[in-house]
Amino acid sequence: MPSSETIAIIDYGSGNLRSAAKAFERAIRESGSGQRVVVTNDPDQVRRATRIVLPGVGAFGDCLAGLSAIDGIVEALRDAVLDRGRPFLGICVGMQLLASSAQEYGDHTGLDWIAGHVELLRPDDPSLKIPHMGWNTLHMVNQHPIFEGLEDGEHVYFVHSNHLEIQYPQDRIAITNYGGEITAMVGRDNIVGTQFHPEKSQAAGIHLLQNFLTWKP
Amino acid sequence: MLKARIIPCLDVENGRVVKGVNFLDLVDAGDPVEQARLYDKAGADELCFLDITASSDNRETIFDVVAKTAEECFMPLTVGGGVRSLNDIRKLLLAGSDKVSINTAAVNDPDFVREAAQKFGTQCIVVSIDAKSVGDRFEIFTHGGRTATGIDAVEFARRMVGYGAGEILLTSMDRDGTKIGFNLPLTRAVSDAVSVPVIASGGVGTLDHLVEGITEGHASAVLAASIFHFGTYTIAQAKHHMQAAGIPMRLE
């Protein structure tokens with residue numbers, strides 16, 4: 001069914017947007033939700049979009065610099081997400097950017113949409129490898145519509161060396177364990193974020209993207 | 001809990017799979033996308049393409065293969081073989097590869113790894129090391145194991161991680177193709193020396209070899225080609241065998 005909805009994936013020079021775009025196209029095709037996917041760095045297109053996705057790989061500082069370098073994009077995101085309540089999904093560093101602050105190759109100020117601090121993973125078992133790379137289990141700690149049809153213990157694909165230490169427990173909706181608890185998903189109002197890569201998490205990941213596409217916060 | 005990974009590797013030449021699964025139900029066994037889809041369904045944890053295209057005229061074919069695979073398979077994809085410049089890496093990542101593995105170029109110019117990690121992030125830079133036991137130490141060999149470099153593999157791995165490699169793909173060159181198992185002392189020496197995950201490769205002939213790579217070699221992942229391609233074992237058999245041996249696996 002055709003839809004007038006547009007999913008904007010923000011292109012700010014970070015990582016593999018093709019995978020994210022293709023995964024959304026697959027999710028749309030399988031669910032028949034009919035939305036259109038645009039990969040864009042145009043603030044106007046972000047304002048017009050009905051749902052917004054912020055991907056991101058690499059270092060926090062590089063991603064923040066890349067995003068800030070696009071004239072008007074942060075304002076457009078605030079406008080669409082905070083003022084007009086458009087459903088928003090941050091992926092990996094795209095989720096970490098929502099934090100108040102981060103420490104990775106220097107101190108950084110984040111978007112401050114989710115109260116918390118991004119810092120290096122320090123597993124309590126020193127033999128654990130960094131990056132935390134591979135398939136780990138997702139455990140839901142707060143109820144959220146994004147989990148519909150997903151079971152506790154579902155495997156999703158992680159690759160990261162930093163994690164988001166959340167300030168308010170209610171903002172953390174899922175965790176995983178890697179030498180201690182790690183924030184795997186955040187959720188507040190119309191904002192969700194995943195530390196893992198749904199676009200690389202096979203069927204479970206596509207399912208989660210489908211839930212995001214139909215989510216009415 | 002984080003699971004150990006099984007990574008099948010496909011050799012690709014001029015855009016076609018030359019060493020891959022040869023099942024009767026495949027319409028076109030040389031089609032990398034069809035092979036990738038098969039492994040995706042079979043529960044592989046990641047997929048690796050090794051581009052062995054010799055002619056520089058045909059080196060562009062791999063980008064098309066990666067792009068088509070990324071449209072169909074939503075699992076992590078590593079591409080290696082002939083990665084020599086930042087532009088090679090950029091093109092592979094843009095085509096849809098998640099990680100890029102650097103082999104000879106890292107030996108010839110270690111600084112290339114530093115530049116690549118700074119530019120694209122450590123999470124997508126895999127350094128691929130081919131090594132053999134020489135006396136009681138481990139030495140890096142190039143050109144398919146024929147050329148000794150005099151470089152100590154453990155020292156080199158440590159140095160590469162210092163430069164920003166996010167993962168090490170370690171091939172036991174003295175075991176490659178032998179089916180007698182990984183060089184476990186080598187695998188353990190490198191795994192224990194670096195803070196990043198190590199993928200063990202080379203010499204796998206049985207499912208017990210996969211187990212040993214993790215339990216005795218201390219690797220985080222195992223890469224194999226022949227045992228899966230020739231249908232000796234399925235991914236599911238391998239995973240269940242490893243799980244039964246006490247290794248946490250992702251079983252769907």
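This is a predicted model: local features need pLDDT of at least 70, side-chain atom pairs count only at pLDDT 80 or more; totals for chains, interfaces and linings use all residues.
Leaving aside neighbours within four places in sequence, B:Gly43 is in contact with B:Ile235, B:Lys239 and B:Arg250. B:Gly43 is found in the loop between helix H1 (32-42) and strand E3 (47-51) of chain B. With a relative accessibility of 12%, B:Gly43 counts as buried, because buried means under 20% relative accessible area. B:Val12 stands 31 residues from B:Gly43 in sequence, and the two C-alpha atoms are 21 Å apart in space.

One of the residues in contact with B:Gly43 is B:Arg250. Over which ring does the charged end of B:Arg250 sit? The ring is that of A:Trp135, and the charged end is 3.6 Å from its centre. A:Trp135 also belongs to a group of three residues, together with A:Lys129 and A:Met133, that supplies 26% of the area that chain A buries against chain B, more than any other three residues.

The area buried between chain A and chain B is about 2,600 Å². Carbon and sulfur atoms give 51% of that area. The contact takes 28 residues from chain A and 35 residues from chain B. Between the two chains there are 23 residue pairs in polar contact. On the side of chain A that touches chain B, H1, E8, E9 and H6 each supply at least two residues. The element that gives the most to this side is E8(A), with 6 residues.

Salt bridges also cross this interface: the rule finds 3 of them. One of the salt bridges in the model joins A:Arg18 to B:Glu71, with the closest N and O atoms 2.8 Å apart.

## Aromatic pairs

A pair of aromatic rings is described by the distance of the centres and the angle of the planes. The structure holds 5 aromatic pairs over all chains. Among them is the pair of A:Phe24 and A:Phe212, with 6.4 Å from centre to centre and 70 degrees between the planes, an edge-to-face arrangement. A:Phe24 lies in helix H1 (residues 17-31) of chain A and A:Phe212 in helix H6 (residues 202-214) of chain A, so the pair ties together parts that are 188 residues apart in sequence. Both A:Phe24 and A:Phe212 are buried.

## Salt bridges

Side chains of opposite charge can pair when their charged atoms come close. How many salt bridges does a search of the whole structure find over all chains? The search finds 23.

| Salt bridge | Closest N and O atoms |
|---|---|
| A:Glu5 and A:Arg51 | 2.8 Å |
| B:Arg37 and B:Glu72 | 3.2 Å |
| B:Asp111 and B:Arg114 | 3.3 Å |

A:Glu5 forms a salt bridge with A:Arg51. A:Glu5 lies in the segment before strand E1 (6-10) of chain A and A:Arg51 in strand E3 (residues 51-54) of chain A, so the pair ties together parts that are 46 residues apart in sequence. A:Glu5 is partly exposed at 21% relative accessibility, whereas A:Arg51 is buried at 4%.

B:Arg37 forms a salt bridge with B:Glu72. This pair links helix H1 of chain B, which holds B:Arg37, to helix H2 (residues 61-72) of chain B, which holds B:Glu72, 35 residues apart. B:Arg37 is partly exposed, with a relative accessible area of 32%, and B:Glu72 is partly exposed at 27%.

B:Asp111 and B:Arg114 both lie in helix H5 (residues 111-120) of chain B, 3 residues apart, about one turn of the helix. The charged end of B:Arg114 also sits over the ring of B:Tyr163, 4.2 Å from its centre.

## A serine in a loop of chain A

A:Ser33 lies in the loop between H1 and strand E2 (36-40) of chain A. A:Ser33 is buried, with a relative accessible area of 14%. The side chain of A:Ser33 makes a polar contact of 3.2 Å with the side chain of A:Ser31. Another polar contact, of 2.5 Å, joins the side chains of A:Ser33 and A:Gln35.

Note on methods: Residues are numbered from 1 along each chain as its sequence is written. Chains are lettered from A and ligands numbered from 1 in the order in which they are written. Side-chain values use heavy atoms; hydrogens and water are left out. Rings of Phe, Tyr and Trp (its six-membered ring) pair if their centres lie within 6.5 Å; planes under 30 degrees apart count as stacked, over 60 as edge-to-face and the rest as tilted. Helices (H or I, at least four residues) and strands (E, at least two) are DSSP runs, numbered from the N terminus. Buried means under 20% relative accessible area, exposed over 50%, partly exposed in between (1.4 Å probe, protein chains only). A charge sits over a ring if NZ of Lys or CZ of Arg is within 6 Å of the ring centre and within 35 degrees of the ring normal. Contact means heavy atoms within 4.5 Å. Buried area is the accessible area (1.4 Å probe) that two parts lose on being put together, summed over both. A salt bridge is a side-chain nitrogen of Lys or Arg within 4 Å of a carboxyl oxygen of Asp or Glu. A polar contact is a pair of N or O atoms within 3.5 Å; within protein, one must be able to donate a hydrogen and the other to accept it, and residues adjacent in sequence count only if both atoms are side-chain atoms.
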